[in-house]
Amino acid sequence: MNESASDKTNSVATTQQDAALQGTVGDGDQYLTFTLGDEEYGVDILRVQEIRAWDTATPIPNTPPYVKGVINMRGTIVPVVDLRERFGMETLEYTQFTVVVLVKVIHGNRERIMGLIVDALSEVYGINEDQLRPPPEFGTVIRTDFIRGLATMEDKMVIVLDVDSLLGEDAGVGGDGD
Amino acid sequence: MSIDMNQFLQTFFEESFEGLDDMENGLLNMTAGEPDVEQLNDIFRAAHSIKGGAGTFGLNSVTDLTHKLETLLDRLREGESEVTTDGINLLLASVDCLRSLLQAERDGTEADPQQAADITTRLAAMVDGDDDDGSSSDGNAGDDAGSSATADDGSGPGGGWRIGFTPEPHLFMTGNDPLRLLEELSELGEIQVSCDSSSLPALPDLDPEECVLSWTIDLYGDVERQAIEEVFEWVEDDCSLTIEPLEPAGGDTTTAAPETAPEPEAASAGEPAGDDTQQKPAQQSSGGNASTSSSIRVDTGKIDNLIDMVGELVITQSMLNELGENFTMDKLEKLQDGLAQLERNTRELQENVMRIRMVPISFAYSRLPRMVHDLMRQLGKKVDLQLNGEETELDKTVMEKIIDPLVHLVRNAMDHGIEPPEKRAELGKPETGTLEMNAYHKGGYIVIEINDDGGGISRDRLLNKAREAGLVENGSELSDEQVFDFIFHPGLSTHDEATDVSGRGVGMDVVKRNIKALGGNITVNSTPGKGTRFAIHLPLTLSILDGQLFRVGDQVYVVPLISIMESLQMQGGKIKRMAGTSELYEWRDDYIPIIRLRELFNEAGGGDLENELMVVVEEDDRYVGLHVDELLGQQQVVIKSLKSNYRPVTGFAGATILGNGTVALILDIAGLLELAQARDEVLTKGANN
């Protein structure tokens, strides 16, 4: 019963990933993009460990509200962060399209897996380093060090995130070496 | 086809190190003058196995040394030689030397050839003439090392000796200093030194790490040849040494030989060299402790058990398989039986697999006798070390991590706890102090106790120190326990100066931190003048605990079963209030605080507590009632770390994955109390302002 449930999530994950992979456009480093409302965000695809449909998470009391809790990723405990709440955006009900993108976060000398809850997956783009433009110094509500750069893809602006500084800080506080 | 010898080599090293440990233990149990043939046989056997193995693998240095060792052991065994304290110490030094040789072979590093040569020489000397120092038997003692042994062994001819000392260029590399040797010689009698600097190169060519000087030393006085040889004992192989009697006339080069014959200090001259031999083994053995083997030795019985259980599991599985293939509703009961059996098999298998990791605490104990033995000599104290509960098993990882704290505590007890024999006599205590270690299971914990009957810790002094450091508010009363707990505070020591033995390295705060990191706890109790008792509580394993599941709001949490004193339904009459807000419950003639977990976990709700469920938990002898919504089952849970992908969260020891795949958090009672206290402080501030 339990097994079949996880099988299902896995298959959802793979089909979505396949779909995203087939949509590859352009050269350069590959970025997986996803949407929050009308906005499109990207993360380095090499950092993506797994994509799964939203299922419940176990909340951890007394942690920031955007930390939605922890989930079971094949036997390890992984925290998930609601990216809308992290960026102070209006929150949405989670739907069948809501996905959790599990990414590898390197902070200090530690590697961690953390999940990002996003509205839906979008595309995989190849973006060259020179296509990345620096974010404006002000006028964004997202801290500029969370953003690696902005790129234009098919007339859309893709905000490429730096997951290490975005998530590393949350996990870094009070975390020690082991 | 070549056989991969490496795998055997690994086994050989493991067995040899075990053999050396056995030898060491046997030697430490031996008393001078009372040879125990059985014990000698054991030591001999261990040495023999090492020799055999070393021969197979072509480790000649090891074979040679063990061969010499065997010769001496054989003589002792046959009763041809007497077991003396020196003999035991030499044998211990040989064990250390063997260990470092083997370690060097294992790690592919270079062993100090000097050490082995010295030991070989001393072993040969002991075999050749146990107690014939001063006798006229010919002194072949130094032959092995190639030192000159031409003159007879007796005392020098009143006039003294001329010593030609030409060290090899690499002398400094072996850690020897000619100056020290000359100083030692000067302790034997009056000396006149001339230095030959003829081979000194021009400054640009000079290698400062090479010794290019040689010396001629005239030693005046009635000194035994052996005493001089002892001075050069450590450098014999790294120099050419000549010792010739001085012409009574004063010799050909020396013009002003004083007639006075200074006091022969042969007795004291032996000491500096002797000290060296004592220091070296101590360092060696501590180096040896640092290595932790990555393999584990398992009782065959445990493995046979596992095989049986896996067999049963396979049978159950095939039965279920068959049942599943043509299942009809009337077989439901059979299915349930099968599943129950599967559950039992799995649980048993899990328990037994966990048991493989359990090793007896004697692994940790084994380091202690030697350390105590060495420290006794170093500190001039007499201590009787008693080890109890050696069979108590604990997790291998826990074991490895507990060794350092244990060593530290024993060192501390030896250094600061137990008084020197004179002082003990003055106090009317037996001169020999007692250091007792106990290990036993208690509940889900292993308890390790370290008791000494030394001076104890002065409560007042500690309290004053804590006050000075601003850790205690003036006027506040503290329990003994709270006061003694300050010794684990970093930077707080009642000893004003650090000694060689303790006061360096890890402090008590590190001891406590290490033990806490294992999920354990350490407490201390002390009576001034009577002694000190440390008690370490450690969990049996690190990864599994028996948990009680309960629900708060929509979430399931786990609390370790060992923390639970009682679960009960609250009676209205026993719920008391303080200042209108904080709630207490009357429990076993006591009032304990009630923590509403809903509130603490920021869940909605509240209301009347009457008839609600409460779990009474204990932490550090403090009791507290946790208000929960519903009690669920009890089960073993595998502890998963929260901080490996996130960070430590106060109040939670980790998380676990339940049968349905969801995650449940495991409560950490100590952290929970911290949370509750922090919340109370906020509340009181609000109320009192």
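User: What percentage of the 178 residues in chain A do buried residues make up?

Analyst: This is a predicted model, in which local features need pLDDT of at least 70, side-chain atom pairs count only at pLDDT 80 or more, and totals for chains, interfaces and linings use all residues. Residues are numbered from 1 along each chain as its sequence is written, while chains are lettered from A and ligands numbered from 1 in the order in which they are written. A residue is called buried if 20 or more other C-beta atoms lie within 10 Å of its own, exposed if 12 or fewer do, and partly exposed in between, with C-beta atoms placed from the backbone. In chain A, buried residues account for 35% of the 178 residues.

User: Is A:Gly108 buried or exposed, and why?

Analyst: A:Gly108 is exposed, because 12 other C-beta atoms lie within 10 Å. It sits in the loop between strand 6 (99-107) and strand 7 (110-118) of chain A, and its C-alpha atom is separated by 9.3 Å from that of A:Asp164, although the two residues are 56 apart along the chain.

User: How many helices and strands does the secondary structure of chain A come to?

Analyst: Helices (H or I, at least four residues) and strands (E, at least two) are DSSP runs, numbered from the N terminus. Chain A has three helices and 10 strands, and along the sequence they follow the pattern α-β-β-β-β-β-α-β-β-β-β-β-α.

User: What is the order of the strands in the open sheets of chain A?

Analyst: Two strands are said to pair if DSSP finds at least two bridges between them. One open sheet of five strands, with mixed pairing, has the order 3-6-7-5-4; its edge strands, each pairing on one side only, are strand 3 (48-53) and strand 4 (67-73), and the twist averages 35° from one strand to the next. Such angles run from 0 to 180 degrees between N-to-C directions, with axes being lines fitted to C-alpha atoms, for helices over the stretch in contact. Inside this sheet, strand 6 and strand 7 of chain A pair in the antiparallel sense over nine bridges, and A:Val103 stands opposite A:Met114 in strand 7.

Analyst: An open sheet of five strands with the order 8-1-2-10-9 is also found in chain A, again with mixed pairing. Its edge strands are strand 8 (120-127) and strand 9 (147-153), each of which pairs on one side only, and neighbouring strands are turned by 30° against each other on average, direction ignored. Strand 2 (residues 39-44) and strand 10 (residues 156-161) of chain A run parallel and are joined by three bridges, with A:Ile159 as the bridge partner of A:Tyr41.

User: Which residues have the most contacts inside the largest nonpolar core?

Analyst: A nonpolar core is a set of buried Ala, Val, Leu, Ile, Met, Phe, Trp, Tyr and Cys residues joined through C-beta atoms within 7 Å. The largest has 76 residues, and those with the most contacts inside it are A:Val70, A:Val101 and A:Val103. Strand 6 of chain A gives the largest share of this core, six residues. A second, separate core has 37 residues, including B:Leu409 and B:Met508.

User: With which residues is A:Val70 in contact, leaving aside its neighbours within four places in sequence?

Analyst: Two residues are in contact if their C-beta atoms, placed from the backbone, lie within 7 Å. For A:Val70 the partners include A:Ile60 and A:Ile77 in its own chain, as well as B:Leu642, B:Tyr646, B:Ala655 and B:Val663 in chain B.

User: How many residues does the contact take from chain B and from chain A?

Analyst: The contact draws 23 residues from chain B and 25 residues from chain A. On the side of chain B that touches chain A, the largest share, three residues, comes from strand 22 of chain B.

User: Why is strand 22 of chain B largely enclosed?

Analyst: Strand 22 (residues 663-667) of chain B is largely enclosed by the rest of the structure because four of its five residues are buried. It pairs with strand 21 (residues 652-657) of chain B in the antiparallel sense over five bridges, and B:Ala655 stands opposite B:Leu665 there. These two strands form a hairpin with five residues between them, and B:Gly661 in the turn has a positive phi of about 90°. Strand 13 (residues 555-560) of chain B runs parallel to strand 22 of chain B and is joined to it by two bridges, with B:Tyr557 opposite B:Leu665.
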